[in-house]
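Here is a short briefing on how one chain folds up, written to be read beside the model. Please keep the viewer open as you go through the points.

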Amino acid sequence: MQNDLLLETIKTTLQKSKVEKLAAIASKDTFSVKELIDLSFYHDEQIGFRAAWILENVYTAHQLRFLPHALYFLDKLPQQHNLSALRHYVKILAFMTKKNAHESVKKIISDYNTDHLAEVVFAWLIDEKIPVAIKSHCLNILANLNVKHSWIKEELLQTMDFLVDRESIGFFSKVKQIRKQFSVGS
């Protein structure tokens with residue numbers, strides 16, 4: 001599927017089943033993951049959101065297809081300003097940084113200079129305009145990156161203490177989970 005055809009396909013409202021079908025199509029070389037990443041920055045935020053949603057499904061259901069473009073994804077992530085698309089981006093990064101991620105994903109993250117990503121994710125975490133669902137994934141990402149960057153733990157604990165009373169009950173629950181993760185890992 002060429003970029004124009006992909007663009008036409010995602011101009012209309014998508015159901016989860018269609019997103020899964022498009023992710024499967026992407027896994028068969030019909031259009032590239034790079035095209036999805038690029039479309040997630042489209043000036044029409046709905047199209048960007050749909051492209052990011054398909055991208056997340058490619059990552060979760062067809063990871064081998066995503067991996068050749070993982071570095072491009074990581075390089076582009078800090079530039080994502082569409083909050084609807086960003087939710088899918090941070091979810092993908094949370095999956096990529098998990099301790100049970102596929103070995104090839106762990107190697108990509110291990111070899112990648114994640115300092116800048118950690119700074120950007122911290123900035124999103126404290127930004128009042130960022131929705132709590134994105135912040136929740138940011139907490140996971142930072143807790144996961146703590147393995148690579150020991151400075152994160154103390155900063156994250158302080159940031160969570162600062163934010164916990166300002167955010168929702170769901171955020172409080174995630175903070176509790178992260179604190180538990182840190183206490184188990186100590």
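Helix H9 (residues 115-126) packs with helix H11 (residues 151-163) at an angle of about 10°, their axes being 11 Å apart. That angle makes H9 roughly parallel to H11, where under 35 degrees counts as roughly parallel, over 145 as roughly antiparallel, 65 to 115 as roughly perpendicular and the rest as oblique. The model is predicted, so local features need pLDDT of at least 70 and side-chain atom pairs count only at pLDDT 80 or more, while totals for chains, interfaces and linings use all residues. Residues are numbered from 1 along each chain as its sequence is written, and side-chain values use heavy atoms, with hydrogens and water left out.

**H9 against H11**

- H9 brings Ala118, Phe122, Leu125 and Ile126 to the contact, and H11 brings Trp151, Ile152, Glu155, Leu156, Thr159 and Leu163; contact means heavy atoms within 4.5 Å.
- By class, the contact of H9 with H11 has eight nonpolar, one polar and one charged residues. Ala, Val, Leu, Ile, Met, Phe, Trp, Tyr, Cys and Pro count as nonpolar, Asp, Glu, Lys and Arg as charged, and the others, Gly among them, as polar.
- Axes here are lines fitted to C-alpha atoms, for helices over the stretch in contact, and angles run from 0 to 180 degrees between N-to-C directions.

**H10 against H11**

- H10 and H11 pack with their axes 9 Å apart, at an angle of about 155°, and are therefore roughly antiparallel to each other.
- The crossing of H10 past H11 is left-handed, a term for a near helix turned anticlockwise from the far one by less than a right angle, with clockwise being right-handed.
- Leu139, Leu142, Ala143 and Leu145 of H10 meet Ile152, Leu156 and Met160 of H11.
- This contact of H10 with H11 divides into seven nonpolar, no polar and no charged residues.

**H7 against H10**

- The axes of H7 and helix H10 (residues 132-145) come within 9 Å and cross at roughly 25°, and the two helices are therefore roughly parallel to each other.
- H7 also passes H10 in a left-handed crossing.
- On the H7 side, the contact is made by Leu83, Leu86, Arg87, Val90, Lys91, Leu93, Ala94 and Thr97, and on the H10 side by Ala133, Ile134, His137, Cys138, Asn140, Ile141, Asn144 and Leu145.
- The residues of the contact of H7 with H10 are 10 nonpolar, four polar and two charged.
- His137, which lies in helix H10, is buried with a relative accessible area of 17%. Buried means under 20% relative accessible area, exposed over 50%, and partly exposed in between (1.4 Å probe, protein chains only).
- Setting aside residues up to four places away in sequence, His137 touches Arg87, Val90, Lys91 and Ala94.

**The nonpolar core**

- Which members of the largest nonpolar core touch the most other members? Of its 54 residues, they are Phe66, Phe73, Met96 and Leu156.
- Such a core is a set of buried Ala, Val, Leu, Ile, Met, Phe, Trp, Tyr and Cys residues joined through side-chain atoms within 4.5 Å.
- Helix H7 (residues 83-97) supplies the largest share of this core, eight residues.
- Met96 touches Tyr59, Phe66, Ala70, Phe73, Leu74, Ala101, Val105 and Ile109, not counting residues up to four places away in sequence.
- In soluble globular proteins, nonpolar side chains tend to be buried together.

- Asn57 sits in helix H4 (residues 45-61) and counts as buried at 8% relative accessibility.
- Asn57 and Ile92 are 35 residues apart in sequence and 9.2 Å apart in space, C-alpha to C-alpha.
- Asn82, in the loop between helix H6 (70-76) and H7, counts as buried at 6% relative accessibility.
- Beyond its neighbours within four places in sequence, Asn82 is in contact with Ser40, Glu45, Gly48 and Phe49.
- Glu20 of helix H2 (residues 16-27) counts as partly exposed at 39% relative accessibility.

**The chain overall**

- The chain has 12 helices and zero strands; helices (H or I, at least four residues) and strands (E, at least two) are DSSP runs, numbered from the N terminus.
- Of the 186 residues of the chain, 49% count as buried.
- Among contacts between residues at least 6 apart in sequence, 71% join residues at least 24 apart.
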